[in-house]
There are 4 protein chains.
Amino acid sequence: MNFGSDNVVGASPIVMDALARANQGAAAGYGNDTIAARVTDRLKAVFERDLSVFLVTTGTAANALSLAALAPPWGSVLCHVEAHVNQDECGAPEFFSGGAKLVGLPGLCGKLTPDVVAAHLAEASHAPPPHAVKPAALTLTQATEVGTVYKPSEIATLADLAHSHGLAVHMDGARFANALVRLGVSPAELTWKAGVDILSFGATKNGCLAAEAIVVFDPARADHLAERRKRSGHLLSKGRFLSAQLDAYLADDHWLALARHANAMADRLAGGLAARGIRLGLPVEGNEIFAVLPTGLHATLKDAGFVYYEWPTASLPPEAAPHAGEVVVRLVTSFATTEAEVDALLGHVARAS
Amino acid sequence: MNFGSDNVVGASPIVMDALARANQGAAAGYGNDTIAARVTDRLKAVFERDLSVFLVTTGTAANALSLAALAPPWGSVLCHVEAHVNQDECGAPEFFSGGAKLVGLPGLCGKLTPDVVAAHLAEASHAPPPHAVKPAALTLTQATEVGTVYKPSEIATLADLAHSHGLAVHMDGARFANALVRLGVSPAELTWKAGVDILSFGATKNGCLAAEAIVVFDPARADHLAERRKRSGHLLSKGRFLSAQLDAYLADDHWLALARHANAMADRLAGGLAARGIRLGLPVEGNEIFAVLPTGLHATLKDAGFVYYEWPTASLPPEAAPHAGEVVVRLVTSFATTEAEVDALLGHVARAS
Amino acid sequence: MNFGSDNVVGASPIVMDALARANQGAAAGYGNDTIAARVTDRLKAVFERDLSVFLVTTGTAANALSLAALAPPWGSVLCHVEAHVNQDECGAPEFFSGGAKLVGLPGLCGKLTPDVVAAHLAEASHAPPPHAVKPAALTLTQATEVGTVYKPSEIATLADLAHSHGLAVHMDGARFANALVRLGVSPAELTWKAGVDILSFGATKNGCLAAEAIVVFDPARADHLAERRKRSGHLLSKGRFLSAQLDAYLADDHWLALARHANAMADRLAGGLAARGIRLGLPVEGNEIFAVLPTGLHATLKDAGFVYYEWPTASLPPEAAPHAGEVVVRLVTSFATTEAEVDALLGHVARAS
Amino acid sequence: MNFGSDNVVGASPIVMDALARANQGAAAGYGNDTIAARVTDRLKAVFERDLSVFLVTTGTAANALSLAALAPPWGSVLCHVEAHVNQDECGAPEFFSGGAKLVGLPGLCGKLTPDVVAAHLAEASHAPPPHAVKPAALTLTQATEVGTVYKPSEIATLADLAHSHGLAVHMDGARFANALVRLGVSPAELTWKAGVDILSFGATKNGCLAAEAIVVFDPARADHLAERRKRSGHLLSKGRFLSAQLDAYLADDHWLALARHANAMADRLAGGLAARGIRLGLPVEGNEIFAVLPTGLHATLKDAGFVYYEWPTASLPPEAAPHAGEVVVRLVTSFATTEAEVDALLGHVARAS
């Protein structure tokens, strides 16, 4: 059973069926299909405002295109040091932006705090142009790399700070839905109302095959994203296959249902672990669990065929740090995780304790 | 009825079914799924040799990644002036390569000839480094932008010329299958045996949803394509959805059957047009027809709802050039084009004559 | 004796003396020295308007920075196919711009003509974004690579055409002074009054050691040139050594005197060659002579130690093309060329005839 | 009197005279002059081995070209967080390398330590390619941004660590001469014998106008630096003016004499400050002094016209941190600093105490 990533599962059957249904007749290529227009309308409804949408197949593309739109080559992008854009995209933001500098800032629980951001901005304000790069964008990951979430008020504080210094605000929402349903706020409250300018609206992890939407809340900032997307090879010719995924994903709040299930499975798993005396390194606010396992239990679970990863992170609060004989692991649930899978793992834990 | 592009149709039902079937259970992400390994094996069998494979979703990505692997930023890429890489990819090769220069050379029927290439190489040999960029790669489009094909002997002559000057050879095979079945040679004969180093093996136009394979015949040239693909956002997390398409596409020679049908429909259409006195501007060697229509007939067909494009091209032989009152149009057939659709168009032509 | 290039001579003694004089005491670094401010004032006076100035050490840097300021990565730059930016800068414009595409257009006598530019713009207007790059800038070389010059009216026609299609206009003025004094117009008439937006104001070839000024007539277009210059390593710390050169170069019309001398030597050489029956391939409008030499004479001159280069060019009018037994050579005079040097070469020609 | 930077002074008279002397007759352009060959020979003698040399006008160019030669776009460059390449070059390394990632690591006294580097390398080794960038180069600044120096043994330890992980080693030697004469070792011992692969051999700060040499100890690593230099606009046409500076700089150990003087003035100043009770924040190992001034004294000195900068730095050992009412300032001496200037400043300090 696989708790390695929300990437290891396939697509929601509803999304897959929609894809198959979209495979009929001729349709305009390159994003000009009628389903794409409907996706834009759905996103406008979801976010309760006008916006521009650019569909792509990967989160890396969504993030890198977004950041390139916000930061010039001589700009910097402030991010959490463990952010996906900084650690796991092989320099995609640098590539797409023409060499902007990512500034990785520390923060417990995977979250940036106003004091750390403010300190960096203060320091940068002492470096006269054109010698230093200029802070141009702040990117927040929602949910974070370690499964925690930013509350709207936290986002607003950080976004206000960024805006007041001339930075734009991007949100990497690879697990946006998981954060959203956990917080119980509206998509608008969690994004533009809190100051987010561009959102990488993730859908792949939460039930699509390969579909992400760059959502630009201020259409003026969308300038040239069409050229950037084409030029980076991310404009699909048979675009309907991208739009059809998102269409089904958004219809009837399917995306919210998928995320609620993933989160519920995370809660079931986290609760079960805690009940069996396993320490959780971080609060479970999305669909990721960071558990501190005794190495013996870890070995037992691996032997039993459970897939998940050791996940060293500096985001762990000091009190949660592993002791000798312990290891920090990440367990991820998804829309497809079953109660039986969770309980199977918990059963092994119980037996091993 | 839509003859606008082979992009306007969906995917082959066999490919779509395979995609749906692949949507079961957990699978390793990022191209490490078992289907991906099978695709590589299939391509080795198809091309009768060892090779490296990198799957991506678009032809632009396949081409730009391939050319970036072959040409340094201070290199040039020789191509036909009307090549897709030069005209229709918004500078993707320049972006991916870090600013290599595409040198568009002229050639009738969309094809480069040894004399034109040799003349450019001779001229370039007089420009001492490091003042000029250095010719680094030659790219050939198969079938060409205007539906003609290079014979293996033509490729070999051009590739020998390129190799003897230190250039690598890339083939943009967005319509590789159409050329292949037309020529009746083996995939090996049409590529590496003729000197092709890297092939953009197109599958989207010929029946996939969004799937192309970068096929590197000399694995030594594949260095860092993994990093380049990731860094450009083209490594799918749920990679099975990419590999599943190509798996079904290649199995049981499905891809060849699809291309044969598309070509047959092109022949039926071209033959029917010629029989009705319509001049063909270029030989029909793949699935594209360049016809010289009287403007009256053009208007009639448009009014009747047929979709296709006017297509000005300098590749037309002088004797085929349109006269006053004529327009050059491109008609494209696909695996999904039906005889009825072809005949419907021909019927309108007959009635309008 | 060396007629190989205006680069082979040193600096004007007046410029060198000024440089030595500038070597006193402390001065603010990074272009903030008082001499730099004076250079800007001098250029404002020369061009009779407000403007922004960015000093660099090479023409390649001036051109590449200028074009990067005018063309986005997804833009194209129209230039003469033989332009220095296209042929002799190892892809610098592509590098600085992040991969913009240089479109080399043909033209006799090294000059672009409105019909060729208009034809390209018309063709480009049919390629819908974002598939094709967008024409963003036109660059003219003054004097051209083959020593001819654009008249203000010719510039104005081309610039109007460019501006009406949304392109900005750059002038590569590596030999601006030579063209200017030949035409007998004002610097303003030859640039912004004719529609030039940014000028690479060359000074190195005409008497400086290594000094070029990017002159931005519309300061709004100068946005971020400071960052681009720094980021490309072209902001000198001891900036006074750059500004001191240009200060002396511009003072007392020294630059004009230098160019007049170079041109006069070119006239003396060209006149002498013609008088001795040597065919000139192109009109001598700056300080470059393209002569068609019998190969025997060519060998004689080389044996005698004269330095100059064979210079194959497609810019030659058909009637001027070399016959069998002839070779096209380029002879360049400079501010430092003496009458004695010219006459020495002419003497050899006379004796050899 | 100006202690703001070693950039605010002009050039050594000996260098300036050589430049004027070089201004005679014709010379081959683009680095092919005879003086350039002599400079290479001199550097071979200085470093006691074969090597390749590329001259440029700025330290930013030297650093960025060097790092681009060592790190691919998908690589990372480890540096001290306060390194010039990371903080003060507006992203030049990112630009020249095509988007490599600079990883700024902390370290007291401006110096990297093996434990910090090893920890980062260990962390990076857990990130499987191609998801993360790959550590490709380590760059050390000698003397550091805060005027301290690495001993040969310290360099060797760091270089061994780097090499054993596949990283190349670059040294930013903007103040190389100052470090060298302080340590009393040979140039070879301080560079390639300790594991440095490429050195930015600085000369501008220490007495040239604008001249730096990229010294590549392993010529195999110099591949394509010629193209990179040209393409970035850093190949001077009248190259003799660059080579002449370095020729005079190196002749007769002039460069060492210049550095010895600058360091002696730094010692005089540092000693005088300490004698007057001023705390030094960092050891004075080159020509930079970091002093902790009472704000009153600071104001007095500024009023008296002394030029120098407040210089907040995290490199200060904790015990040296400024208290309330204190400010950290940087004072820089140069080859041109006089004892009188130093004593004038000390006199003001004495009177203010």
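1. Buried area here is the accessible area (1.4 Å probe) that two parts lose on being put together, summed over both. Keep in mind that this is a predicted model. With that in hand, chain B and chain A bury about 3600 Å² between them, and 58% of that sits on carbon and sulfur atoms. On the chain B side, the residues losing the most area to chain A are Phe95(B), Arg231(B) and Lys238(B), which together make up 22% of what that side buries.

2. Contacts for this pair: 46 residues of chain B touch 46 residues of chain A.

3. As for what chain B brings to chain A, helices H1 (13-21), H3 (59-70), H5 (92-97), H10 (225-231) and H11 (240-250) of chain B each give two or more residues. By class, that side of chain B splits into 21 nonpolar, 16 polar and nine charged residues.

4. Now chain D against chain A: about 1400 Å² is buried, with carbon and sulfur atoms giving 46%. Here 17 residues of chain D are in contact with 17 of chain A.

5. The interface of chain D and chain A has two salt bridges by the rule. One to look at is Glu94(A) with Lys101(D), at 2.7 Å, N to O.

6. On the chain D side, helix H4 (84-87) and strand S3 (101-105) each supply at least two residues; H4(D) gives the most, with three. The classes there are seven nonpolar, five polar and five charged.

How values were computed
Residues numbered from 1 in each chain as written. Chains lettered and ligands numbered in written order. Predicted model: local features only at pLDDT ≥ 70, side-chain atom pairs only at ≥ 80, totals over all residues. Heavy atoms only, no water. Contact = heavy atoms within 4.5 Å. Helix = DSSP H or I, 4+ residues; strand = E, 2+ residues; numbered from the N terminus. Nonpolar A, V, L, I, M, F, W, Y, C, P; charged D, E, K, R; others polar. Salt bridge = Lys/Arg side-chain N within 4 Å of Asp/Glu carboxyl O.
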